[in-house]
Amino acid sequence: MPDSRRSADLVLEGGGVKGIALVGAAAALDEAGWRFERVAGSSAGAIVGSVIAAMQQAGEPLSGADEIVRTLDYRRMLDRRPPMDRLSRLPRVADAWGILFHLGMYRGSHLTDWLRGVLGDLGVRTFGDLVIEDPDSDLRHRSRLVVTTSDLSRQRVLRIPWDLPAYGIDPDRFSVPVAVRASSGIPFLFEPVRLKGRYGESTLADGSLLESYPVAAFDRTDDEPARWPTIGVRLSSRASERAPAVPVTGPISMLRSLIYTTVDSTQIRHLDDPRDAERTIFARPKGVRWTDFDLSREQQQSLYDAGYAAARKWIAKHPDGPASPGR
């Protein structure tokens, strides 16, 4: 490993369970001597990004990030509210009940609890724990982590913690696990997160709906040269093209398929901006859909390996980093 560390901002695309590939890419960059000053992410990118940001803040080696992320049991994320948690033989009834009364089939509380434990062990509970001293940047860039979510009530992207002051909310006191959970809340699959602020109550859902890959998040807008580059990792792929057809048998089944189709199309519809292609690692893991919550160990390893290999390929082509670090 190089003796000196090079600074970069890291941006991670959303992609459901495929997020393990993001860890592989980050590990390869870390081995090549990169240190991540700030991290931005959406959905799965927010989950992985929060762990990486907390580890960087705590001075922990990123070699342990893979082990941490793999402790998340995706199957336990499908946690129903009682009494529907006992209707294992009538899943469609439980789905309908969850959507009708709570706007989501599953609570998503396991993810929040997991984040509280993992991030808490690293000394991170609120965004105040991720503040960095950065006198050469403006106030909104003082956090080591930014999470994108979709404010359905106001029909716009909400970047946490940057946009919280406009809502009348102190960003330093806002929970990191809650922000990441909001960014990961696939509509109707998981209950949305409610945010009460200056504009009333907002309903927050998956950040991938509006900004799956916030690669320009840290670009300077003051015409000053960038101090270090942004490196992004994308997971978008057409891996589901060979997936077997799943019959649509009723209204709930149709709603579930509609959700999956909508988010899948969001993941792949973004055209590659030539200005961003050079600073982007295209992991594109195959054979796994973002909703495959029952990943085997072999599939997890395959995802990690795909991200690691893609990053190594990018590093070989860009040994000094991207030529155009910012706009």
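**Exercise 1.** Work out whether P229 is buried or exposed in this predicted model.

*Solution.* Start with the number: P229 has a relative accessible area of 11%. Now bring in the cut-off, which is that buried means under 20%. So P229 counts as buried. Next, find its place in the chain: P229 sits in the loop between strand 8 (200-205) and strand 9 (230-234). Finally, look at R6, which is 223 residues away from P229 along the chain, yet their C-alpha atoms are separated by 9.6 Å.

**Exercise 2.** Now try S43: where does it lie, and which residues does it touch?

*Solution.* First, locate S43 in the loop between strand 2 (34-42) and helix 2 (44-58). Then check its surface: the relative accessible area is 6%, so S43 is buried. Last, leave out residues up to four places away in sequence, and you'll find S43 touching G14, S183, S184, D206 and S208.

**Exercise 3.** Describe how helix 5 (residues 109-121) and helix 6 pack.

*Solution.* Take the geometry first: the axes are 9 Å apart, at an angle of about 140°. That makes helix 5 oblique to helix 6. As for handedness, their crossing is right-handed. Now list who meets whom: helix 5 brings L111, T112, L115, R116 and L119, while helix 6 brings V176, P177, V178, V180 and R181. Sort the residues of this contact by type and you get 7 nonpolar, 1 polar and 2 charged.

**Exercise 4.** Which helix has the highest confidence, and which the lowest?

*Solution.* Helix 6 (residues 176-183) comes out highest, with a mean pLDDT of 97. Helix 7 (residues 251-269) is lowest, at 63. For the whole protein, the average pLDDT is 86, and 87% of the residues score at least 70.

Definitions and conventions
Residues numbered from 1 in each chain as written. Predicted model: local features only at pLDDT ≥ 70, side-chain atom pairs only at ≥ 80, totals over all residues. Heavy atoms only, no water. pLDDT = per-residue confidence, 0-100. Helix = DSSP H or I, 4+ residues; strand = E, 2+ residues; numbered from the N terminus. Buried < 20%, exposed > 50% of the residue type's maximum accessible area, 1.4 Å probe, protein only. Contact = heavy atoms within 4.5 Å. Axes fitted to C-alpha atoms, helices over the stretch in contact; angles between N-to-C directions. Parallel < 35°, antiparallel > 145°, perpendicular 65-115°, else oblique. Left-handed = near helix turned anticlockwise from the far one by under 90°. Nonpolar A, V, L, I, M, F, W, Y, C, P; charged D, E, K, R; others polar.
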